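Dear colleague,

I am passing on a structure for you to look through. My notes on it follow below.

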Amino acid sequence: MERKGIVTRFALVSLLVLAVLGVVLPSGARSLVVQIMIFSIFAMGYDICLGYTNQCSLGHSMFFGAGAYGAILSIMSFKLGLIPALGVALVAGFVFAFLLGLICVRLSEAYFVIVTAIISAVFHLLAMDMTWLTGGDDGLSTTIPPVFGLSLYNPYVNYYFVFFFLLVSYLILRRIIGAPLGRIFISIRENPRRAHFLGYNITRYKLIAFVLSGVFGALAGALYTMTMRYASADYFNFYWSVLPIVWCLIGGTGTLAGCWIGVALMSLFQYYVSAWFTHYLLLFGILILIILKVSRRGMLGYFAGRG
Amino acid sequence: MSGSLLEVTGVSMHFGGLTAVDNVTYTIRSGEVRGIIGPNGAGKTTLFNAITGDLKPSSGKVYLKGEDITGLSPDLICQKGMSRTFQLTYVFPEMTVYECVWVGVYSKARRASTMFFSQADRLKDVADKTMELCRLVGLEEKRDELASNLSYGDQKVLEIAMALSTEPALLLLDEPTQGVGPQEADGIVQLIELLSQRMSILLIEHNIDIILRVCHNLTVLSFGRVIADGSCEEIGRNEEVQRIYLGDITCS
Amino acid sequence: MPEWLLNVLFLLMNGLIWGLIIALIALGLSLIFGVMGIVNMAHGDLYMVGAVLAFYLIPLLGSFWLALLVVPLIIAVIAAPIERFILRPYEGHHAVTMIATVGISFILQQAALATYGGIPKKMADPWDVTFNLFGVSYPGYRLLIAGISIVILAAIWLFLYRTSYGVLIRASIQDKNMAAAMGIDVNRVLIGTFVLGSVLAAIGGVLAAPITQVFYLMGADVALLAFIVVIIGGLGSLGGTLVAALSLCAIEGVMSAVLNPTLSKAAIFVVMIVILMIRPRGLFGEAEH
């Protein structure tokens with residue numbers, strides 16, 4: 001109860017601060033914050049999967065990539081406007097997550113992890129291979145159409161465009177978590193077998209959570225593409241599947257807004273460390289081990305509490 | 001209301017070469033409280049699992065209210081009016097008592113229109129029923145405690161409340177007083193007696209005194225087979241049962 | 001013999017030889033999962049480290065056989081502390097250990113990148129002999145790999161089924177709690193299994209180094225294949241792993257005649273999905289109890 005209150009207060013304060021920061025920050029820091037906000041959407045979506053239904057997916061890079069390409073391809077090939085392109089991205093994320101979920105959610109924990117990882121690895125290979133569609137490693141870049149007459153090339157518009165989606169995503173997800181659905185998710189996390197015997201079709205609710213999570217992954221992918229005006233097959237990289245786990249673990253799983261802390265810390269870390277150290281990923285690996293160590297009690301208590 | 005509520009006909013469970021439940025048949029009438037007794041490893045819990053959808057029976061049929069439910073999944077069987085508790089406590093550790101019961105109540109009141117965006121705590125009918133159940137089992141005061149913080153006995157009571165929350169016509173209790181101190185056990189037995197006036201109950205229990213206090217009829221299992229079936233008096237007179245299991249038995 | 005048939009035959013042979021290497025690696029993965037419950041995301045990178053070490057040590061030691069002995073020893077020395085100090089604290093917590101192995105994977109990759117460099121390198125054939133098969137010359141080293149792999153697989157089988165330590169490992173796969181209750185020193189079994197599994201990956205790396213490009217990311221492809229093999233064969237099922245490895249690599253080998261490598265991987269992936277739809281625990285996996 002108390003913890004919930006703290007997280008909510010943290011979220012509201014953060015949103016207020018973010019609303020102000022857009023105006024006062026210098027441009028370099030502003031674009032970093034835009035990135036943090038986009039990844040926060042990704043992380044919140046991922047938390048629905050990991051933190052609320054205890055599904056540790058290693059396949060979320062697929063949804064990020066699907067959203068990114070859904071957006072950029074509909075802008076490039078079909079000349080769609082920004083909002084329709086965003087719609088296409090969400091549909092793409094939905095379809096990918098639904099199909100992947102149909103295969104994966106009924107698998108046992110270890111199979112789920114491995115199979116999601118395999119599927120996203122295969123899609124990464126395919127994306128690298130199908131250069132005619134994806135541009136491969138070089139990627140695709142394009143000009144982004146304006147939204148309601150405002151150009152995203154204006155950094156303020158870009159900032160508040162992303163901020164708007166962060167706000168809406170947070171409100172929607174918070175509402176869902178506070179709704180009966182959220183409580184069903186938590187009961188499944190706490191003891192899937194008991195929930196099953198209370199009349200809930202576990203597979204169906206895990207699938208709902210997985211798809212929900214995939215759609216927000218795709219939204220993040222689309223926003224990232226629109227901000228960078230670029231997408232590449234690298235968005236399907238395994239690295240993008242590991243990041244959300246790390247974000248959620250740092251910030252605390254099952255808290256929705258807690259992962260924002262994880263995103264902010266990791267983004268700052270990446271921003272500053274990768275500038276002076278080429279083997280940034282080495283430190284990333286070490287960091288993962290340290291995070292597991294430091295948050296061990298929380299983590300273990302968390303995973304241990306699930307029958 | 002009369003007639004059979006649950007019919008178990010010729011149910012067997014094989015695991016590899018092992019037969020855990022062997023051709024078990026019995027019937028529960030509406031309003032009946034039936035005990036299942038038998039030595040450890042007689043297949044009592046396996047039988048529960050085979051009835052409630054946890055395991056698919058190797059052979060045989062299970063009918064609930066005349067409807068064939070053999071091999072259905074646990075969620076469907078629960079929705080059709082059969083609910084159970086577990087031998088080891090089986091609650092939602094990081095949810096409050098109120099929320100644990102609430103999830104079960106909502107299972108019955110589930111609607112697509114309220115599922116996604118209504119605020120869970122503002123659903124008045126669900127809240128009322130949840131409170132009523134908490135009151136019924138005596139956990140009203142502790143409703144905001146985390147389930148994992150409850151005493152073992154209270155967790156057992158919470159389990160019963162959760163099983164009740166889906167409004168079952170038939171309640172299956174798997175050793176509800178196991179590992180509970182005598183005082184708390186007495187509370188649980190009183191609760192079962194109260195419930196027996198409202199619904200049919202199938203009870204696995206080791207404590208013969210409790211069995212005799214609440215049950216009308218008994219089914220005795222040994223090595224997976226039914227060796228006796230009848231009222232408490234009949235079972236008490238059955239020589240095979242006395243020899244195998246009971247020693248002496250008198251009906252109160 | 002017509003030329004196309006000969007081609008198919010050679011592709012099939014190449015595929016089967018890869019299959020034997022993959023079987024070694026996947027067997028390690030499967031053992032680690034079966035006994036420890038760990039989804040080891042760093043397994044492919046241990047294979048990579050084995051190959052990189054072979055790249056340096058075969059010329060340095062001047063003997064392929066010596067390298068085949070020394071590299072696994074080095075890997076054992078790396079693997080033991082990983083199990084003891086990084087994975088052991090989270091024993092039984094699958095998600096946490098899995099993420100820890102992801103961290104180890106990044107560290108191994110970057111360590112290789114920093115020392116070995118980012119450019120794929122090809123090394124000399126350690127056994128420069130060719131055999132004449134159906135009038136076509138076939139590199140003898142590949143046949144040697146097949147021989148070595150079969151010997152090692154047989155040795156593993158003997159170890160698991162004929163030695164008391166092997167019995168402990170198999171008992172732990174069946175039921176860890178029971179094994180502990182029977183007085184088995186579970187910790188010894190855990191560390192032994194992790195070292196054995198890692199050594200198998202490293203041997204795979206040494207064997208594969210001369211017939212592939214040695215590269216700091218070479219573990220990814222092999223890990224992908226090994227995971228698919230383990231999923232299809234059934235996690236923890238040793239026989240299933242062997243069967244799946246050989247058949248998948250044979251299929252992939254033959255398909256590479258008509259499809260590019262990515263598409264033949266995708267085809268194998270489709271096979272995996274179909275099998276998972278029918279049998280969620282793989283072909284030889286045990287049903288949930």
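**Chain B**

Of the 252 residues in chain B, 44% are buried. Please keep in mind that this is a predicted model. The secondary structure of chain B consists of 10 helices and 10 strands. An extent of about 60 × 40 × 40 Å is found for the C-alpha trace of chain B along its principal axes.

How does the radius of gyration of chain B agree with that of a compact globule? A compact globule of 252 residues would have a radius of gyration near 18 Å, and chain B has 18 Å, so the two agree.

Chain B is divided into two parts: domain 1 covers 4–89 + 168–246, and domain 2 covers 92–149. Their C-alpha centres are 28 Å apart. If you take the contacts in chain B between residues at least 6 apart in sequence, 66% of them join residues at least 24 apart.

Most residues other than glycine have a negative phi.

- Asn23(B) is not a glycine, yet its phi is positive, at about 50°. Asn23(B) sits in strand 2 (residues 18–29) of chain B.
- Lys65(B) is placed in the loop between strand 4 (59–64) and strand 5 (67–68) of chain B. With 16 other C-beta atoms within 10 Å, Lys65(B) is partly exposed.

**How the chains touch**

Two pairs of chains touch, and the pair with the most contacts is chains A and C. Chain B and chain C are joined by no contact; their closest C-alpha atoms lie 9 Å apart.

The contact between chains A and C takes 32 residues from chain A and 34 residues from chain C. On the side of chain A that touches chain C, the elements giving two or more residues are helix 5 (109–129), helix 11 (239–251), helix 13 (280–294) and helix 14 (296–304). Helix 5 of chain A supplies the largest share, 13 residues. Sorted by class, this side of chain A has 26 nonpolar, three polar and three charged residues.

**A hairpin in chain C**

In chain C, strand 1 (residues 130–133) and strand 2 (residues 136–139) run antiparallel and are joined by four bridges. One of the pairings to look for is Thr130(C), whose bridge partner in strand 2 of chain C is Pro139(C). Two residues lie between the strands of this hairpin, and within the hairpin Phe134(C) takes a positive phi near 50°.

Regards

Technical notes
Residues are numbered from 1 along each chain as its sequence is written. Chains are lettered from A and ligands numbered from 1 in the order in which they are written. This is a predicted model: local features need pLDDT of at least 70, side-chain atom pairs count only at pLDDT 80 or more; totals for chains, interfaces and linings use all residues. Two residues are in contact if their C-beta atoms, placed from the backbone, lie within 7 Å. Ala, Val, Leu, Ile, Met, Phe, Trp, Tyr, Cys and Pro count as nonpolar, Asp, Glu, Lys and Arg as charged, and the others, Gly among them, as polar. Domain bounds come from an automatic or database domain assignment. The radius of gyration is taken over C-alpha atoms; the globule rule is 2.2 Å times the number of residues to the power 0.38. A residue is buried if 20 or more other C-beta atoms lie within 10 Å of its own, exposed if 12 or fewer, and partly exposed in between; C-beta atoms are placed from the backbone. Two strands pair if DSSP finds at least two bridges between them.
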